[in-house]
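Student: I would like to go through some of the labels used for this structure and see how each value is set against its definition.
Tutor: Then ask about them one at a time.

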Amino acid sequence: MKKFVTVEGLDKAGKSFRSNGSVTLRNIHIRMCAQFFHKGISRLQTEELLLAAKDDGSFLVRDSESLPGAYVLCLLYQSRVHQYRILPDKDGKLSVQSEGDVQPLKFNTLADLIQAYLLRDSSNGLVYALKKPVPTTDGVENTDMDDSEDEECFLDTSLDEHFAALDAETETDSQTNKGFKYGFLSNFARLDLSCCDGEFVEELKRYTDTGMEKDAINIRSKPGRMPDFEKLVHSAAKGLQRELDVFLLKMSLCHDLLTQNEEDGPKRSVINGADDASTSIFDYLSRKLSTCKTEVLNLEKKALEVIKDIPQDPGNGFDHASSSTSPDGTLGLSPSNKKSSLIPLSTFEVKVSKSGKFSSKMTLTIDIRAGRFFAVKPSKDFLDSSNTFDHDKILQLVKNTSDSSKLDIIIEGKKKYTYQFESAHARENFCLQIRQMKSMHSTEKEVDQISIFIGTWNMAKSGPSNSLKQWLKCNGSGKPLDRVLSKIPHGIYVIGTQESGLNDKDWTNTLKASLKATLMADVDVLETCTLWGIRMVILIDPQYRNIISHVQKSTVRTGIANKLGNKGAVGISFQINGTPFSFVNAHLTSGEERCSRRNQNFRDILKGLNLGPKNMDSFDITHKFHHVFFFGDLNYRVSDKIDVILKKAENRDIAYLLEKDQLRKVQFDKKAFYTFNESEISFMPTYKLDRYRPGYSYDWKKIKKTSERINAPSWCDRILWHSLPGTFIENTAYGCAENLLNSDHRPVFASFTVGVASQFVQSRVSLTDDVSCKIRFNRVEAQVKTCCKQYFILEFYSGCLADIICCESNKSFKEDRTGFNTCPMWSKDQLPELRPLFSDQDYLEEQHILIAVKSIGADNESYGECVISLKNMFDNEPHTFDSVLTHNGEETGRMRGEMFIAVAASYRSHKSKKSYELVSLDTEYHDPEEWLPNAPFFERRQESSLKVVSNRTFSPMATPRKNVVSADELLVNNILSNSGSDSDSHWSNNGAMAKSTNGVTGSNSPVSMSRRPKPIMGQSSLQAAQRQVMPVVATTSNSGALKSTEPILLGGVLTTTNPAGGVPNYINCPTGIPPPLPRKTKPSIIDKLEKKPAYAELMKPKTTYEWLCGLGLEEYFKAFQKKGWETVSKVIDLSTTDLLKLGIYNTDHKNRILQSIQEMKNKVL
């Protein structure tokens, strides 16, 4: 029986946690202080415990977060928590940094210090006397014990052997024949053990000493069973089992190599594990060896069959190089390397839009290898320039939000083709394949997107019993990769295992060999990290070696007393160009009842991983890296009655089981993984399954000698991610492989496409230009969860800043009615002006500002951190931001404010298009010319974009230059001028309209144009399409002021504005400028402005599906439908809580829905 020990037990056994034989200073300090010392507790948890105690004088002690080795005494008085540092001096003596002139006393331990302060009155330098300690609430759980059903909390082998030997020494048997035993001891002494490992020698000695006697007693009651001798043989065969597993896996790879039909997978013999109670080690080894013999003979037979069928001409069947188009015009193979030769053609049956109707059929064929796609009608079976499109001719794929199967393809030359696919799934696969094709054939020097595979598997200390092909290709149940995309290797492979069955070298070689055999992919090992049985291996495509830097790794132990590594996490981080990544493989505490302990494991891991820049200690890894992937055996269970769970699992009622999932509940309650995302789960629970049995047969009951253990089917193995705002990431697959049966867990896979930022400034002009660029904040308000009465400062961090910037302390607070929040406020004059290193727009829009809220007291601890993206901050007025404050995985408040990027008038903005922006929604779509940097219209629009100017005005005496503005924007300026608005004003640096001093008024004032922002994804996305925009030329009069005599479009008629600012007159077009075609049915802009239609007259959605499609969130319709909310009237009162219950965890999606609901409420009322 497995022994479970406490920390005191370890000390008794001589296995205490000591360094070089001396007890650490920390152990001295915290001795005998379990009543008030809360190890690893956060500041927020401290305040919650003290407020729950309610009594003045309640106190506890926790670790300091800002100073290692120090402690914090937290005292409750008048519903406020007061904090005092406890610091050790150079001699290890502890003293309290108290208030006033009280001379601090020094103590050897925390227990002595607290005992002395309990005996003193209120004149102790504290705000109030210590009265009542708040004890820890974890109870037994605080011992970090793992009473796992299948001995998951296995300790180090040497530790187990130590206790086994210790027990053996204390047991005596009066019936032992000393002479008989002496003979075996003599035999043992004559053995040559020089070639044996130390573990086997110890086991042999143990068996000679005590094991033989136990077997002699046991064989009388159970004939034929010798448990201790089987244990000895098991130890001797440990290396043999591993080698046999590797050998069988290599045979499997050879079989895959010779298999022509991919669907005809190799059949594997099933062998029960050696640790199965019904299988002895002797039967296991004999069957394993017999299986090896069978596999070798079958492989020889298979090889003979395949080799003899190879044609005599070595060129037949092996020539991968042929033209993409045959002489007769039919499709053919394209020249490609070995990797791309595995990629098959992909076809999609679609309908073509003609005159608004989808009548004729067409076949779309994608040849990723050749970089082309073909659109062929049934009546036309040959290829020409009219139906063949190269990858570089495809400009944009626009998804229709009202019909999930419709797609617009924008081809070079502004040609638009509209197709209707068979399903939304087919349309999505088409978009992914086109994007993959453009990425593979891109001629850009900089990589701006990369594909990442993430896999997690609890191997249960055994090697794989089958090929890893299905797992590594993201094939299986759930959301697998498309048939074509699964044959394309990923750029990065991240494989995490728990209770690993192979050593580092064997497992890494197995992965590399599997990728080579499955995808013809040669990969390099970037880094490996191992903590006991927890291991992570990262493999990369060699072409990315030169763009990866800053590789780091770290481990965190969360086992017994956070000292043992049977539970914990390993982390590896690196940077691809300008985008930092972090990957965490974790094995958390097991057991359904230990959910709170798992939450604490998560916080300890975020806090303990030593990854990222060293000057950002206030931030955890979710703020230091653009993307954090957290995966592994997280051990969160499905909580319900076991008979109900089994019934739902038998019926494959995944939706019901997910409602009882602990991980989703703690995310909803904001106790752990609050800001992390997880793709929709559509596969069955991956634990606890019968080994070596296909399908989903759950081994849910474990009978022990003293108890019965219930293990409900659960999704223990998960893959989650956290990404900073303004970054691009798309999950393309999430499921589990079903062919690896040697463990009671099924391997889980996920595939991602991630945008990569450039680490270089793209515009050389910005390096030499002295144009100033500043990041300015107009105001900042924070809502901090704390009842500590103090003032705060803000610290600003960013990769685009030369140093850490700190602001002044807040001078005012905003009233908070809850009583538990403190709301500091900073005005514009209290906030610093941030000057980035470079002013290049492409560079800055990929940067982030990290803000930490810190107290100005002696502790200087962080009360929360947030991240703000600089994307789309180049605008004419301040942007409002609203971000969640978190600290080590806990939500600690919110931060709101206004900020913008101010540039000089001479600043030339430049924003390039990323390859991952190929696919967009029709509500976000821009005219293709605006995406083409070389298009004349695009360049003129950029020159005329509105600039935010710092303390400067537009001088009418400056040399006039032609500006290009749209007719709509020019007309709106005139309308504002006629209505008495400040048309003679210009934009100042704070984004407000400031009066001009040059005396130019009305339509004669210079017109400055701003970039048209992307449509807001609220209810306005359901309204009419964008109006027509026509470029016009601005000229100037002799006085230098702008004279508006340019043609504009009013109600489909070409007109011009009156220079005096009156009503426009109809005129003929200027000579040399061809008039545009009139649009008879299009209403004028004045009609739109004057009419001001009621909300009921707009394109109000009638159904929930229509509403969600307009928001671009049609994927949530099924969740609304299950609740019976199919009409808009039933969703008008939805709240944030309701959305979370529906499974909508994405913050942007929640805000988009809530904003739409609010618009509907306001406009209806």
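Student: Why is Arg372 called partly exposed?
Tutor: Its relative accessible area is 24%. Buried means under 20% and exposed over 50%, with partly exposed in between (1.4 Å probe, protein chains only), so Arg372 is partly exposed. This is a predicted model, in which local features need pLDDT of at least 70 and side-chain atom pairs count only at pLDDT 80 or more, while totals for chains, interfaces and linings use all residues. Residues are numbered from 1 along each chain as its sequence is written, and side-chain values use heavy atoms, with hydrogens and water left out.

Student: Where is Arg372 placed, and what makes its approach to Asp390 a polar contact?
Tutor: Arg372 belongs to strand 9, residues 372-376. Strands (E, at least two residues) and helices (H or I, at least four) are DSSP runs numbered from the N terminus. The side chains of Arg372 and Asp390 are 3.0 Å apart. A polar contact is a pair of N or O atoms within 3.5 Å; within protein, one must be able to donate a hydrogen and the other to accept it, and residues adjacent in sequence count only if both atoms are side-chain atoms. The pair Arg372 and Asp390 is therefore listed as a polar contact.

Student: What makes Asp690 and Arg693 a salt bridge, and is Asp690 buried or exposed?
Tutor: The closest N and O atoms of this pair are 3.2 Å apart, and a salt bridge is formed. Asp690 has a relative accessible area of 16%, so the label is buried; Arg693, at 46%, is partly exposed. Elsewhere, salt bridges with shared partners join Lys774, Arg776, Glu833 and Arg835 into one network. How many salt bridges are there by this rule? The count is 35.

Student: Why is the pair of Phe348 and Phe430 called edge-to-face?
Tutor: A search of the whole structure gives 36 aromatic pairs. For Phe348 and Phe430 the centres are 5.5 Å apart and the planes are at 90 degrees. Rings of Phe, Tyr and Trp (its six-membered ring) pair if their centres lie within 6.5 Å, and planes under 30 degrees apart count as stacked, over 60 as edge-to-face and the rest as tilted; the label is therefore edge-to-face. Phe348 is in strand 7 (residues 346-354) and Phe430 in helix 11 (residues 424-440), so parts 82 residues apart in sequence are tied together. Both Phe348 and Phe430 are buried.

Student: What makes Phe728 and Tyr916 a stacked pair?
Tutor: The centres are 4.5 Å apart and the planes 10 degrees apart, so by the ring rule the pair is stacked. Tyr916 counts as buried at 12% relative accessibility.

Student: How do you know that the charged end of Lys648 sits over the ring of Tyr656?
Tutor: The charged end of Lys648 is 4.7 Å from the centre of that ring. The definition requires NZ of Lys or CZ of Arg within 6 Å of the ring centre and within 35 degrees of the ring normal, so Lys648 is listed as sitting over Tyr656.

Methods
Salt bridge = Lys/Arg side-chain N within 4 Å of Asp/Glu carboxyl O.
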